[in-house]
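Subject: Structure for you to look at

Hello,

Here is the structure I said I would pass on. Please open it first, then read my notes below with the model on screen.

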Amino acid sequence: MQYISTRGDGTQYSYDEILLKGLSEDGGLFVPLNWPKFSNDQLLKMQDLDYAALASKIISKFTSDVFNEDEVFKVCQKVYKSFNHKDVAPLKKINENNYLMELFHGPTLAFKDYAMQFLSMDFERVLKSKNQKALILGATSGDTGSAALNAFAGHSEIDIFILFPKGRVSYVQEAQMTSVNADGAHSIQIEGNFDDCQEIVKEIFLDQKFRQRVNLSAINSINWARLLPQIVYYFFAALKLGAPDKKVVFSVPTGNFGNIFAGFCAYKMGLPIDKLICASNRNNILSRYFKSRKMERQSIEPSLSPSMDIQVSSNFERLLFEIYDRDSSLVRLKMKKFKEEGIFKVDQKSFNKYEDLFVANYLSDQNIIEEILRIYKLSKIIIDPHTACGTFSAHQARISNQVDDNIPIISLACAHPSKFPEAVNKAIGIKPVLPDAIRDLLKKDKKSLFAPADSNTIKSLIEGYRRD
């Protein structure tokens, strides 16, 4: 398996190379040269595998040049043993043909754990084999940062710096990031929004001298290896519900388009996905795109689902690459226009091939409150505000006949409701408590760095705090 850049000249890279690079030098995102495929017979044989075994079968398709299935399996066994549910990503029934897939059974109670815990061990494998150190830089709208700091803190080969928008994450998310007390692990509060944080990361990655000097790498979903473990839970849920003999639909709360693109990868690999429902909050750049084929950046409005308060959906570039039949020159032009003007369009003919795959919807903060209550009345299941975006969009797709009644919809429950207690309490009068494992979180000492939204300032901070 080799990789190419969405803006590149066709140069090919190995898995280990793109793992450490994170972002291509040309500013593009790495994608597989070819999509591996599973036949229906192969999928049938995978139905009874446990999560770690299934993960090794899928992940090794993308790593086989450097990291074979047996080696991946050993890592997956270790990683997913730390999750607090025997199924790792369990399904719960809401009502007939509507399900939740709980993705909050990892150490920081969010779906980002499914990739970060694997990724930290993968980085360690490569760095030790090369006798190298790395500096990881990431941006977060909430859960990525806490999951990354939890996973990477304490690794002697790695310094990690996470940027997050000051005052725009939940207090539980902030506490998770600022209570990490380990050498080489730093959270930086930025005066700005998530898009500012993400832009700083991209700008720093384009400074080749700095990048090489500190051996810079990324753990945001701009890094292909971050997306890779997320593909697994799409297969796991679909196989549980009868795939490949039955089609499935997934409803995915998303802002940066990473989680739903992992579902698109599963589709490309042969999983019988009938629809991918793109669920947005009031910052609905993605749902606007799917209705108009126009990607247009607008101002960000803080919402009850802050992890989705985004107007630059970085992973959409990977879908754009597929829409344009992997024409990197066209992708370069579109992304340049978006950076300069905040807008680009996709012609109908190019988008036709995926028009039937994607459905999109969005909801207001008031809708979020109402949806948390609706799900609780329906099933006695408590969901967080991000998950509410997914279940609402699934319900809208069902009642508008965009999804056949006979096809199960799996909504992704991306975070534990206790991470957003105020919104949940407002909806149902119940304030969910943190699980025992992290209940002392808010009492821990906190530390953080602070900076304006300026890449040069961040580079100076990194130089001052990184370990030699």
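Helices and strands here are DSSP runs, a helix having at least four residues and a strand at least two, and both are numbered from the N terminus. Please keep in mind that this is a predicted model.

With that numbering, Phe205 is found in helix 8, which covers residues 194-205. Is Phe205 buried or exposed? Its relative accessible area is 0%. Buried means under 20%, so Phe205 is buried. Not counting residues up to four places away in sequence, Phe205 touches Lys21, Leu23, Leu137, Arg211, Leu216, Ser217 and Ala218. Ala218 is 13 residues from Phe205 along the chain, and the C-alpha atoms of the two are separated by 8.9 Å.

Leu135 has Leu216 of strand 8 as its bridge partner. At the other end, strand 7 (residues 185-191) pairs with strand 15 in the parallel sense over four bridges. Here Ile190 has Ala451 of strand 15 as its bridge partner. Strand 15 (residues 449-452) has two faces: Leu449 and Ala451 are on the covered one, while Phe450 and Pro452 are on the uncovered one.

Another open sheet has six strands in the order 3-4-14-9-10-13, with mixed pairing. Strand 3 (91-95) and strand 13 stand at its edges, and each has a single partner strand, so one side of each is left without a neighbour in the sheet. Direction ignored, neighbouring strands of this sheet are turned by 25° against each other on average.

Strand 4 (residues 98-102) and strand 14 (residues 409-413) run parallel and are joined by five bridges. Glu102 stands opposite Ala413 in strand 14. Strand 10 and strand 13 also run parallel, again with five bridges between them. Leu276 has Phe358 of strand 13 as its bridge partner. Strand 13 (residues 358-362) is mostly covered, with four of its five residues buried.

What follows strand 10? The loop between strand 10 (273-280) and helix 12 (285-292) holds Asn283. Its relative accessibility is 4%, so Asn283 counts as buried. Leaving aside residues up to four places away in sequence, Asn283 touches Ser299, Ile300, Glu301, Met308, Asp309, Ile310 and Gln311.

The nonpolar cores

In soluble globular proteins, nonpolar side chains tend to be buried together. In this model the largest nonpolar core has 112 residues. Which of them touch the most other members? They are Trp224, Ile231, Phe235, Phe250 and Phe316. Helix 10 (residues 224-240) provides the largest share of this core, 13 residues. A second, separate core has 26 residues, among them Ala139, Phe205, Phe210 and Ile222.

Not counting residues up to four places away in sequence, Phe250 touches Met101, Tyr234, Ala237, Ala238, Ile273, Lys275, Leu276, Ile277, Ile410 and Leu412.

Some helices

Helix 11 (residues 258-268) is mostly covered, since 10 of its 11 residues are buried. The buried ones include Gly258, Phe261, Phe264 and Lys268. After helix 11 comes Gly270, whose phi is positive, near 110°.

How do helix 13 and helix 15 pack? Helix 13 (residues 316-323) and helix 15 (residues 348-355) meet at an angle of about 105°, and their axes are 9 Å apart. Angles of 65 to 115 degrees count as roughly perpendicular, so helix 13 is roughly perpendicular to helix 15. Leu319, Glu322 and Ile323 of helix 13 make the contact with Ser350, Phe351, Lys353 and Tyr354 of helix 15. By class, this contact has four nonpolar, one polar and two charged residues.

Regards

Key:
Residues are numbered from 1 along each chain as its sequence is written. This is a predicted model: local features need pLDDT of at least 70, side-chain atom pairs count only at pLDDT 80 or more; totals for chains, interfaces and linings use all residues. Side-chain values use heavy atoms; hydrogens and water are left out. A nonpolar core is a set of buried Ala, Val, Leu, Ile, Met, Phe, Trp, Tyr and Cys residues joined through side-chain atoms within 4.5 Å. Buried means under 20% relative accessible area, exposed over 50%, partly exposed in between (1.4 Å probe, protein chains only). Contact means heavy atoms within 4.5 Å. Two strands pair if DSSP finds at least two bridges between them. Axes are lines fitted to C-alpha atoms, for helices over the stretch in contact, and angles run from 0 to 180 degrees between N-to-C directions. Angles under 35 degrees count as roughly parallel, over 145 as roughly antiparallel, 65 to 115 as roughly perpendicular and the rest as oblique. Ala, Val, Leu, Ile, Met, Phe, Trp, Tyr, Cys and Pro count as nonpolar, Asp, Glu, Lys and Arg as charged, and the others, Gly among them, as polar.
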